[in-house]
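This report describes selected geometric features of one model.

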Amino acid sequence: MDATELAHGLFRVLETGDPALAAEVVHEEFRNRESAVSPAACAVPGPAGVLASSAWMRSAFADLRFPVLAVARNDGQVWIRLRMQGRHTGPFVRFRDGALDQAVPPTGRAVDFEQIHVLDVRDGKVAGHEAVRDDIGMLGQLGVFPPSPATALRMVAWKVTGRAARAADQVSAEAATAAALVRGGGQGERG
């Protein structure tokens with residue numbers, strides 16, 4: 001695969017959670033700079049971390065898609081401009097320093113916002129990732145920023161009743177299970 005195909009493949013993995021494709025396009029030393037707001041399994045190097053990220057995002061957004069708008073590249077990097085689209089049907093849980101930061105209860109709302117990703121390519125695979133995303137725009141589409149009264153009340157209720165913590169535990173477990181689908185340094189073995 002050339003660098004552009006690798007970039008498309010990476011986002012296809014995020015859309016589908018395909019472990020064989022992850023092993024094909026993701027370098028065993030892959031690092032995701034953006035994993036700080038994700039479950040811990042998303043920070044695991046290699047295809048396992050990408051599969052964990054896929055599970056985390058798909059647990060919150062049904063029909064997750066990343067239509068590509070533009071691609072630019074040089075010998076060692078690919079810049080990809082795309083949109084993230086989906087419907088918010090599960091809790092969207094964000095983490096900070098490995099702990100629950102925010103849990104947005106499902107709203108049923110559609111999200112559609114732009115992102116730019118910088119991918120490092122090495123040895124014919126994607127080896128690194130960082131992004132510039134319109135997270136404020138996405139949170140606005142969910143009614144979180146600025147908070148709509150109904151969404152704010154639901155978020156407070158989730159926190160007080162422990163549903164937010166349970167959602168964080170659940171999505172963390174799902175991400176860890178997805179990461180376990182690839183073993184042996186990204187060799188594509190299913191477990």
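## Glu28 in strand β1

Glu28 belongs to strand β1, where helices (H or I, at least four residues) and strands (E, at least two) are DSSP runs numbered from the N terminus. With a relative accessibility of 43%, Glu28 counts as partly exposed; buried means under 20% relative accessible area, exposed over 50%, and partly exposed in between (1.4 Å probe, protein chains only). Glu28 and Val132 are separated by 104 residues in sequence and by 24 Å in space, C-alpha to C-alpha.

The model is predicted, so local features need pLDDT of at least 70 and side-chain atom pairs count only at pLDDT 80 or more, while totals for chains, interfaces and linings use all residues. Residues are numbered from 1 along each chain as its sequence is written, and side-chain values use heavy atoms, with hydrogens and water left out.

## The largest cavity

One cavity of 30 Å³ or more is counted. A cavity is a set of points, on a 1 Å grid over the protein atoms alone, where a 1.4 Å probe fits but cannot get out; lining residues have an atom within 4 Å of a point. Grid points are joined across faces, edges and corners, and a volume is the space filled by probe spheres set on the points.

The largest cavity holds about 330 Å³ of space. Its lining comprises 24 residues, of which Glu34, Trp56, Met57, His129 and Arg133 are the closest to the centre. Elements that give two or more residues to this lining include α1 (3-16), β1 (26-32), β7 (110-122) and β8 (125-133). Helix α3 supplies the largest share, four residues. By class, the lining has 14 nonpolar, six polar and four charged residues; Ala, Val, Leu, Ile, Met, Phe, Trp, Tyr, Cys and Pro count as nonpolar, Asp, Glu, Lys and Arg as charged, and the others, Gly among them, as polar.

## Packing of α5 and α6

Helix α5 (residues 149-161) packs against helix α6 (residues 163-179) at an angle of about 80°, with the axes 4 Å apart. Axes are lines fitted to C-alpha atoms, for helices over the stretch in contact, and angles run from 0 to 180 degrees between N-to-C directions. The two helices are therefore roughly perpendicular, a class covering 65 to 115 degrees.

Trp158, Lys159 and Thr161 of α5 meet Arg163, Ala164, Arg166 and Ala167 of α6, contact being heavy atoms within 4.5 Å.

## Backbone in the loops

Asp97, in the loop between β5 and β6 (99-104), has a positive phi near 55°. The peptide bond from Phe145 to Pro146 is cis, with omega near -10°.

Terms used: Angles under 35 degrees count as roughly parallel, over 145 as roughly antiparallel, 65 to 115 as roughly perpendicular and the rest as oblique. On a 1 Å grid over the protein atoms alone, a cavity is a set of points where a 1.4 Å probe fits but cannot get out, and a pocket is an open set with protein on both sides within 12 Å along at least five of seven lines; lining residues have an atom within 4 Å of a point.
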